[in-house]
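Visitor: I'd like to learn how to read a model like this one, feature by feature. Could you walk me through it?

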Amino acid sequence: MTDSNNPTQGQAPQEDNLTDHSYDGIQEYDNPLPGWWVAIFWGSIVWSFFYFGWYTAGPGDSWLDTFNQEVEALAEQKDAAAKEQLSSLGEVSGSAASLMRMAANADLMESQKALWAVRCAVCHTADGRGMVGLGPNMKDDHYLNVKTIEDIPKIVTEGIPGKAMTPFKGLLTEQEILTISAYVASMRGSALDPSITMPVKEAEGEVIPPWSAE
Amino acid sequence: MNTATTTAVGDLVPQMERFSYDDGIVRKFLFASVIWGLVGMLVGLIAALQLAAPVFNSLGLEGNWTQIFSFGRLRPLHTNAVIFAFAGNGIFAAVYYSSQRLLKTRMFSDKLSKLHFWGWQAIIVSAAVTLPLGLTQGKEYAELEWPIDIAITLIWVVFAINFFGTLAVRRERHIYVALWFYIATIVAIAVLHIFNNIWVIAGPFKSYSVYAGAQDAFMQWWYGHNAVAFFLTTPFLGLMYYFLPKAAGRPVFSYKLSILHFWSLVFIYIWAGPHHLHYTAIPEWASTLGMLFSVILWMPSWGGMLNGLLTLRGAWDRVAKDPVLKFFVVGITFYGMSTFEGPLLSIKAVNGLSHYTDWTIAHVHAGALGWVGYMVFGMAYWLIPRLFQTKGMANAKWVEWHFWLSTIGILIYIVAIYIAGLTQGLMWRSFTPEGALEYGDFMETVTVLIPMYWIRVVGGTLYLLGTVLCLMNMVKTWKQRPTVYDEPVYEAPALAKTNPTNYVTAPSFKPTLSKWTVGFLVAGLACLGLYLTGDEATPEKSRMYLFFALSFIGLGVMMGMGKTINYFAGMKWHRRWEGRPIGFTIWVAVAVVTASLFEIVPTFAIESNVKSIEAVKPLTPLELYGRDIYVAEGCYNCHSQMVRPLHFETERFGDYSKAGEFVYDHPFQWGSRRIGPDLARVGVRLTSASWHVRHMIDPRATSETSIMPSYGHLAEEALPYDVIPSRVGALKLLGVYDQNDYMQAAENAKVQAAEVLKRILAEDKGMVFLEDTKMLAMVAYLLRLGTDTAGLGAELHNLESGN
């Protein structure tokens with residue numbers, strides 16, 4: 001269509017009807033609207049009536065309906081996973097024995113990393129080395145507020161009044177508090193993650209005896 | 001300048017008038033556009049560097065004044081400069097050049113033209129000073145504080161008088177499509193600017209939006225979306241309709257298409273605003289409407305693209321050779337791409353993924369760099385030789401370089417940022433098989449983007465280099481100008497006093513009822529009857545009847561309208577309108593205002609849209625001042641305060657946000673992008689006061705890879721207790737506080753500041769240096785966020801579902 005003088009080539013523009021409009025030399029063709037353009041335009045309008053009717057007056061799910069289904073499905077997924085992980089661990093409670101059983105289960109502990117990242121790493125760092133001026137180091141043998149392993153879920157639940165530790169009651173489920181407490185216990189004595197360059201929090205508090213179920 | 005001469009022939013020949021065009025004003029606006037464009041893009045490049053490496057937040061400088069360069073303050077400067085200075089001046093150059101010629105008259109008043117130009121530049125300079133100083137309303141693209149808002153209104157009125165005055169003294173009976181788009185721009189921007197900027201004044205450069213929370217969000221995105229429509233779309237379509245056929249020497253493809261896409265664009269655009277608020281605490285029906293109108297908008301937008309590209313039929317061989325046409329073709333292609341992507345992004349499910357991510361950033365840059373930028377540059381290269389009366393551009397090669405540098409620049413930019421957006425969106429919603437968030441540490445979803453941010457810097461730099469070439473070329477061409485510009489004198493007959501009546505009369509309009517119309521209406525009414533007489537025991541069935549009733553009646557009305565549209569397609573009625581610009585303008589205003597009222601009024605009128613929550617109380621005076629700092633620092637540029645009802649979001653940030661939680665928020669701070677995590681419930685999640693202090697002073701001290709700017713200056717600047725009563729006083733006018741609150745504001749703030757300091761010291765006794773500093777207000781505010789409704793969980797949900 002390079003040669004505009006040759007009417008046999010493709011859609012030669014001069015076949016179109018020109019209107020009698022001319023503005024500063026600009027003319028306008030009187031071409032009809034492209035059919036597909038009209039079709040999609042009307043189609044989108046017609047579709048909108050159905051969509052609006054279906055989701056506003058009709059049976060379509062509202063976004064809160066969808067949300068509630070998602071939340072329910074997620075809770076089931078979590079329950080099922082927890083049941084499987086905890087099934088071999090007997091009674092799950094805040095007792096020393098139960099916490100130690102969980103802390104010794106490598107699979108369960110591995111799965112706690114995600115929760116730690118969301119809730120705890122912000123003050124205790126991703127690998128639990130603590131944060132200068134903030135969360136204590138979880139890797140050494142020194143503890144400020146913990147005397148036995150059973151103190152951990154209590155502190156996670158209630159926080160330390162007047163101090164930086166957040167009470168997680170309401171933010172985590174009871175079961176999550178127990179598993180994350182076991183995870184905290186399992187960090188004791190573990191190695192630092194070399195990819196993190198933040199300073200390691202100095203030892204604070206007393207050295208306490210190793211975890212025991214007694 | 002308009003000398004009338006009578007010809008010897010006398011009455012038979014209409015009286016000829018002589019006139020010349022004012023091109024001096026066009027030269028000014030064009031220079032301003034390119035120079036400010038360079039500034040705006042440079043600020044954008046700095047902002048891009050800041051996201052890639054936070055050291056750029058102080059530009060590597062030392063001192064407690066470098067916060068003027070921090071991202072939260074520069075990003076609004078970038079957006080405002082590009083929209084209102086680069087695009088704005090470009091639009092004015094187009095309007096002033098083309099309107100005179102399309103109307104065969106000089107501008108109405110040279111004085112008003114000059115006042116418009118210098119006034120607008122003064123506004124831009126004041127924006128460039130106040131935004132880095134943290135003087136902002138905290139609403140996107142409407143950041144400028146109240147004195148500048150007033151100045152904008154006045155200068156816009158000057159522009160309007162000048163433009164409509166020019167229409168009044170025109171010598172061309174009918175107004176061309178480019179002018180329709182200019183009219184729409186002037187009318188709609190006036191309405192948008194005024195109604196989104198209604199505030200109470202709290203100080204020389206401090207005000208609070210009269211709207212709060214969900215309603216403020218609604219107003220803001222009615223404005224924000226339509227600023228895109230009427231500042232970045234309609235005037236550029238007007239530009240296209242003049243400069244493209246001029247440059248191509250081809251008639252416009254379809255007059256009918258011009259009419260249809262113009263009116264549908266003007267009417268439908270307005271409704272689409274709520275697509276910026278999907279899944280937020282607005283009524284879902286409003287969001288649904290926003291989505292549907294956005295989808296319907298697809299074809300009206302493409303009408304402009306078609307009329308642009310199809311005008312080039314028969315001229316395609318020239319596109320490869322003529323750089324002006326090349327810029328236009330790429331610009332229009334980006335327009336087509338962006339206006340397809342816009343409806344796509346407005347679909348709720350897509351938006352659930354894209355919202356708060358870089359996807360939006362990529363989308364707007366395809367529009368701004370591709371469409372807006374290329375239309376301005378295409379016009380510039382066509383205009384410059386004509387304005388400076390030279391043989392051509394001083395350096396034709398640089399034009400080629402500009403084209404290729406910037407085209408590659410755009411592609412690099414948007415591809416990288418699309419990848420960044422998708423990556424982050426997908427990471428946010430990823431769960432482990434155990435049902436935990438796979439990337440629980442928010443920072444993981446940020447650090448992964450850094451390489452993409454560096455690539456963006458490369459793309460942005462290329463685009464900027466192109467603009468530098470453009471400016472250099474422009475200056476070089478300007479130097480070749482004649483000593484005195486030739487000012488040709490034109491002749492045209494004056495417009496007859498009366499509008500001619502010889503329009504071919506359209507077939508008279510008789511609303512006809514086809515079989516289909518009647519059929520659908522009858523079916524619809526039948527369903528309505530079934531719904532009304534339905535059994536309350538089966539609400540599901542009853543809702544189905546309502547659904548079919550609404551759909552059938554809607555279709556019936558549509559079918560009836562189909563006939564009407566046929567009548568409209570005759571278009572002779574429109575030709576008559578084109579001869580009557582005042583009537584035309586009124587109809588544009590009616591379209592804009594009607595659509596706005598339909599959209600906005602229900603959310604304000606229906607009380608049940610915002611269910612109040614008793615536990616939600618206004619902030620204390622100290623927290624309010626902390627919020628003012630949050631606004632001033634532009635925290636909303638990176639942090640949202642709006643948890644959407646999506647399970648991956650509530651898992652991360654806590655319960656989803658309810659409209660009732662924001663009833664005292666003047667302005668709302670929901671945000672539009674999450675470069676950092678959501679803060680709606682940060683006071684529940686992060687209860688350590690000293691953590692916030694450390695994090696504000698040095699974000700890297702608490703999050704190793706954080707890209708947040710440092711806010712150490714808050715720990716050094718004194719907290720101005722005496723300013724706080726004026727803030728409380730202003731919000732008292734809006735009913736947030738009472739007289740008692742106002743009287744005790746300063747004292748109350750002092751007491752709370754001491755308490756906050758005590759709390760910080762209990763955690764870390766080394767922080768005594770914070771006494772009476774702004775940091776205390778900031779921390780007080782952050783610790784308050786989300787705490788009012790903490791623990792209300794189930795109770796809130798019942799409220800929300802109406803139980």
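This is a predicted model: local features need pLDDT of at least 70, side-chain atom pairs count only at pLDDT 80 or more; totals for chains, interfaces and linings use all residues.

Visitor: What is the phi of Tyr356(B)?

Guide: The general idea is that most residues other than glycine have a negative phi, and most peptide bonds are trans. Tyr356(B) is not a glycine, yet its phi is positive, about 75 degrees. Tyr141(B) also has a positive phi, of about 60 degrees, without being a glycine. You'll find Tyr141(B) in the loop between α3 and α4 (146–168) of chain B.

Visitor: Which residues does a cis peptide bond join?

Guide: His666(B) and Pro667(B), with omega at about -10 degrees. Pro667(B) sits in the loop between α23 (647–653) and α24 (682–685) of chain B.

Visitor: Back to the tyrosines: is Tyr356(B) buried or exposed?

Guide: Count the other C-beta atoms, placed from the backbone, within 10 Å of the residue's own: 20 or more means buried, 12 or fewer exposed, and anything in between partly exposed. Tyr356(B) is buried, as 23 other C-beta atoms lie within 10 Å. Tyr141(B) has 17 and is partly exposed. Trp118(B), in helix α3 (residues 110–130) of chain B, counts as exposed because it has 12 C-beta neighbours inside 10 Å.

Visitor: How do I read a whole helix, say α5 of chain B? How many residues has it?

Guide: Compare its span with the expected one, which is 1.5 Å times one less than the number of residues. Helix α5 (residues 177–196) of chain B has 20 residues and reaches 28 Å from first C-alpha to last, close to the 28 Å expected. Of those 20 residues of α5(B), 15 are buried, so the helix is largely enclosed by the rest of the structure. Over in chain A, α1(A) has 23 residues and reaches 33 Å, close to the expected 33 Å. Its buried residues include Phe41(A), Ile45(A) and Phe52(A).

Visitor: At what angle do α22 and α29 of chain B cross?

Guide: Two packed helices are described by the angle between their axes and the distance between the axes. Axes are lines fitted to C-alpha atoms, for helices over the stretch in contact, with angles from 0 to 180 degrees between N-to-C directions. Helices α22 (residues 621–632) and α29 (residues 774–784) of chain B cross at roughly 95 degrees, and their axes come within 7 Å. That makes α22(B) and α29(B) roughly perpendicular (65 to 115 degrees; under 35 is roughly parallel, over 145 roughly antiparallel, the rest oblique). Among the residues that meet are Leu622(B) and Tyr625(B) from α22(B), and Ala777(B) and Tyr781(B) from α29(B).

Visitor: Now the big picture: how many residues of each chain are in the contact between A and B?

Guide: Chain A gives 67 residues and chain B gives 66. On the side of chain A, the largest share is 16 residues, from α1(A). That side divides into 41 nonpolar, 20 polar and 6 charged residues. Nonpolar means Ala, Val, Leu, Ile, Met, Phe, Trp, Tyr, Cys and Pro; charged means Asp, Glu, Lys and Arg; the others, Gly among them, are polar.

Visitor: Which domains does chain B have?

Guide: Domain 1 (3–493) and domain 2 (621–800), with bounds from an automatic or database domain assignment. Their C-alpha centres are 34 Å apart. The contact takes 43 residues from domain 1 of chain B and 48 from domain 2 of chain B.

Terms used
Residues are numbered from 1 along each chain as its sequence is written. Chains are lettered from A and ligands numbered from 1 in the order in which they are written. Two residues are in contact if their C-beta atoms, placed from the backbone, lie within 7 Å. Helices (H or I, at least four residues) and strands (E, at least two) are DSSP runs, numbered from the N terminus.
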